[in-house]
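Subject: Structure handover

Hello,

Here is the structure I said I would pass on. Please have it open while you read the notes under it.

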Amino acid sequence: MSRKLPLWLRFFALVGVVIVATGAGLLAYRYYARPVTLTVAVGSIDGEAAKAMSAMASELVSTNAPVRLKVIDSGTALEAAAAFSAGKVDLAVVRGDVGDLSHAQAVVVVSHMVVLVIAPPGSAIDSIENLKGRAIGVVGGVANAKIVDVLTKEYDLANAKVVFKNLPLADVRQAIHSKQVSALLVVIPLAEKYLSLVRGFFQLDHKKVPVLIPINSAGAIAETERAFESFDVPKGTLRGSPPVPEDDLTTLRTSLYLVAQKKLGTDLVTRLTQAIMSARRNLLREQPIFAQITAPSTDQDAYLPLHPGAAAVYNSTTQSFMDEYGNWIYLTPMVLGGAATMLAAAWKFLGLGSPAPEGPLDSLYALARRIRKVDAEAELSDIEEEIDGILRAERAKSAGGDERAVDDATLNVAAHRLEGLIHDRRALLAKRPAVASAA
């Protein structure tokens, strides 16, 4: 078919096929290599969580990471956890003590949230037992409901007539100054931004310092409530001179996790974890809170199970060179072989290159076509001479040990066929004068 078409038409047809195949390959590559965008729900009373994750999302874009983040500000940590448990988002930044985390698997620990119970300067309250009959302002509201419940049960605060009052962030200072509350309960990372926020709740000078109240039963609480752990606040954390606290102070701590849905693929979460840990280093100057990003517990009985994709990063079980590129190493020769076959087919389709030299069998088969068109006895005799010449030449090659010589059996079959054609053609030519005279 290709030889019936003009060369220019064959050329443009081949160019069209190459263009279509190349375009399809590029589209397939772009689809495979495109970044995957995951939705992440965040929430905090001061909006800082959304700002921090937005900075992370921007860094992933600027570094052309294979995974991107679409940040959804849910308003509070509780609402972020609710969006995650409802399956509305792929990821969420949640506290270990807030919301339904039955479908959550940890990716990174974003920060540790420390429980601080603080009495204003000049207060005589120095223990939770001394809070009897008083009101405690809870900064963060319902997000701290679990902590309130835990403290109430451990210290029997309900019978001690202790009242917990949820306070919006904007009303905290007024509630303290008007003595609506005798102490505050806040849950914050021990980062300068949040410590400054807490200092701002009080009117401080050199002589007036707030009182941090220890939770001495933190160890016992952590035994029964796995979302928490006992933690010692270092001396001078809230204020350096005079130091507040005066010595290391026991309290509770929970973790702020970035969690992923169980259904997310292992490879995808591996790429996400690697991208976050890499971006963290670039964001430390701009967002010091990212210095607190750490690996979650890799223990089998950890409070939040680790996503297998994140575990591959922390346990250094990511794919080796051969694991990652073995398929390419195996497939490349096959692809190159296929490409060579396609090029050869294209070359043949265009009809380029010199034809292969004819062998003895080709010459004999060509004589068959001549025999059918012969119009004179003399031509048949010439053809018989040519046949004899080809047979003699091939027998001479065979006798001389030439491996390229055609075997005798094949030659005899071809010669016998030609003899039959010559006989039939002679018979046909012999009848022609008789037919002509009869006419």
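This is a predicted model: local features need pLDDT of at least 70, side-chain atom pairs count only at pLDDT 80 or more; totals for chains, interfaces and linings use all residues.

Whole chain

The protein chain has 439 residues, of which 40% count as buried. Its secondary structure comes to 13 helices and 10 strands. Among contacts with a separation of 6 or more, 76% are between residues 24 or more positions apart. The chain exposes about 25,000 Å², and 56% of that area is supplied by carbon and sulfur atoms.

Surface patches

There is a nonpolar patch on the surface made of Phe11, Phe12, Val15 and Ile19. Together these four residues have about 400 Å² of accessible area. One of them, Val15, lies in helix H1, which covers residues 7-33. Val15 counts as partly exposed because its relative accessibility is 32%, a value between the cut-offs of 20% and 50%.

A patch of negative charge is also found on the surface, where Glu379, Asp382, Glu385, Asp388 and Glu419 gather. Helix H12 (residues 377-399) gives the largest share of this patch, with 4 residues. Glu379 is in helix H12. With a relative accessible area of 39%, Glu379 is likewise classed as partly exposed.

Buried residues

Gln261 is placed in strand E10, which runs over residues 249-261. Its relative accessibility is 7%, so Gln261 counts as buried; the limit for that class is under 20%. Beyond its neighbours within four places in sequence, Gln261 is in contact with Phe84, Gly87, Val89, Asp90, His103 and His307.

Thr237 belongs to the loop between strand E9 (229-233) and E10. Although Thr237 is in a loop, Thr237 counts as buried because its relative accessibility is 18%, and the cut-off is under 20%. With neighbours within four places in sequence left aside, the contacts of Thr237 are Leu190, Leu195, Arg199, Val244 and Pro245. Of these, Leu190 is 47 residues away from Thr237 along the chain, and the C-alpha atoms of the two are separated by 7.9 Å.

That is what I have for now.

Regards

Note on methods:
Residues are numbered from 1 along each chain as its sequence is written. Side-chain values use heavy atoms; hydrogens and water are left out. Patches are made of residues with over 30% relative accessible area and no salt bridge: like charges are joined within 9 Å, nonpolar side chains (Val, Leu, Ile, Met, Phe, Trp, Tyr) within 5 Å. Accessible areas come from the Shrake-Rupley method with a 1.4 Å probe; for residues, only the protein chains shown count as cover. A salt bridge is a side-chain nitrogen of Lys or Arg within 4 Å of a carboxyl oxygen of Asp or Glu. Helices (H or I, at least four residues) and strands (E, at least two) are DSSP runs, numbered from the N terminus. Buried means under 20% relative accessible area, exposed over 50%, partly exposed in between (1.4 Å probe, protein chains only). Lys and Arg count as positive and Asp and Glu as negative; His and the chain ends are not counted. The place of a charge is taken as NZ of Lys, CZ of Arg, CG of Asp or CD of Glu. Contact means heavy atoms within 4.5 Å.
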